[in-house]
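User: I have a model open and want to go through how it is put together. Can you take my questions as they come?

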Amino acid sequence: MNHKAKILEWETIGRALAGLQEKERWDDLLLIAAACFTGCRPGDWTKFTWNIFLDANGKAKKETMIVEKKQLNMAKSRAEKNGAKFKVKERQLFLVPQFRSILELCWNGKKQPYLTTYMFRGSSGPQNTSGGISTFTANTRLKRLAVEFGLDSDITNYYFRKTAARRIYDSQEDHTTGLRMAQIFMNHTSPTSTAHYIGLTEDEARK
């Protein structure tokens, strides 16, 4: 869990998304959107394929299911210890309207690639053997965008996940509900982990 990630200004992220959309920079727009709106760890969203989010007609789904890399590895480890077959519980993702709109814009802007292809591709050289791009590549691209749009130059893709989760928490008058929503967004098993991750003060945590 990356506790050192910082909270970014949501308004600045919004300006970056709007600017990229206006300039039809689909790859960069998709990169920031996936980092913000999925709540997934970078090891997962950098490997997404289009058909996770789009139906056969290229329309964004309202919800979808994924298998998280962390949960898969944990299930494998438990199975090896117990000498049993492993079963992984899928994670349900809810897609907010803004993300659905961006997905459709990017897919059409990129000339409707095959739905089974990876959403993120390397610009040169051989592809990662497991498909998609590496988290290092994602971080490198995000750092470049951070400089361009006035975000934190030390940014990593965890900054966006943390910022979105904190925004969910802050948006709710009932902070118990807000914490639970943020917990679901990041798929944490414990609300204590979520509270620590999004940087709640001791006073906020007591409330």
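**Burial, helices and packing**

User: Is F48 buried or exposed?
Analyst: F48 is buried, with a relative accessible area of 4%. Buried means under 20% relative accessible area, exposed over 50%, and partly exposed in between (1.4 Å probe, protein chains only).

User: What kind of model is this, and how is it numbered?
Analyst: This is a predicted model, in which local features need pLDDT of at least 70, side-chain atom pairs count only at pLDDT 80 or more, and totals for chains, interfaces and linings use all residues. Residues are numbered from 1 along each chain as its sequence is written, and side-chain values use heavy atoms, with hydrogens and water left out.

User: Back to F48. Where is it, and what does it touch?
Analyst: F48 sits in the loop between α3 and β1 (63-66). Helices (H or I, at least four residues) and strands (E, at least two) are DSSP runs, numbered from the N terminus. Not counting residues up to four places away in sequence, F48 touches T38, C40, F53, I66, Y118 and M119. Contact means heavy atoms within 4.5 Å.

User: How far is F48 from I133?
Analyst: The C-alpha atoms of F48 and I133 are 9.5 Å apart, and the two residues are 85 residues apart in sequence.

User: How many helices and strands are there overall?
Analyst: The chain has 10 helices and two strands. Of its 207 residues, 43% count as buried. Among contacts in the chain with a separation of 6 or more, 66% are between residues 24 or more positions apart.

User: Now α6. Which of its residues are buried?
Analyst: In α6, A138, N139, R141, L142, L145, A146 and F149 are buried. Seen down the axis of α6, these residues fall within an arc of 165°, so they line one face of the helix. The arc is that of the directions from the helix axis to the C-beta atoms.

User: What covers that side, and what is on the face turned away?
Analyst: The cover over the buried residues of α6 includes α1 (10-22), α2 (26-37), α3 (42-45) and α7 (157-170). On the face turned away from the buried side, α6 carries the exposed residues F136 and V147. Just after α6, G150 takes a positive phi of about 75°.

User: How do α2 and α5 cross?
Analyst: The axes of α2 and helix α5 (residues 97-109) come within 10 Å and cross at roughly 155°. Axes are lines fitted to C-alpha atoms, for helices over the stretch in contact, and angles run from 0 to 180 degrees between N-to-C directions. α2 and α5 are therefore roughly antiparallel to each other. Angles under 35 degrees count as roughly parallel, over 145 as roughly antiparallel, 65 to 115 as roughly perpendicular and the rest as oblique.

User: And which residues make the contact?
Analyst: On α2 they are W26, L29, L30, A33, A34 and F37, and on α5 they are Q98, F99, I102, L103, L105, C106 and G109.

User: What about α7 and α8?
Analyst: Their axes come within 7 Å and cross at roughly 150°, with α8 spanning residues 175-186. That makes α7 roughly antiparallel to α8. R161, A164, A165, I168 and Y169 in α7 meet residues of α8 including H175, L179 and F185.

User: Last one: where is T194, and what is it in contact with?
Analyst: T194 is in helix α9 (residues 191-197) and counts as buried at 0% relative accessibility. Leaving aside neighbours within four places in sequence, T194 is in contact with L179, A182, Q183, M186 and H188.
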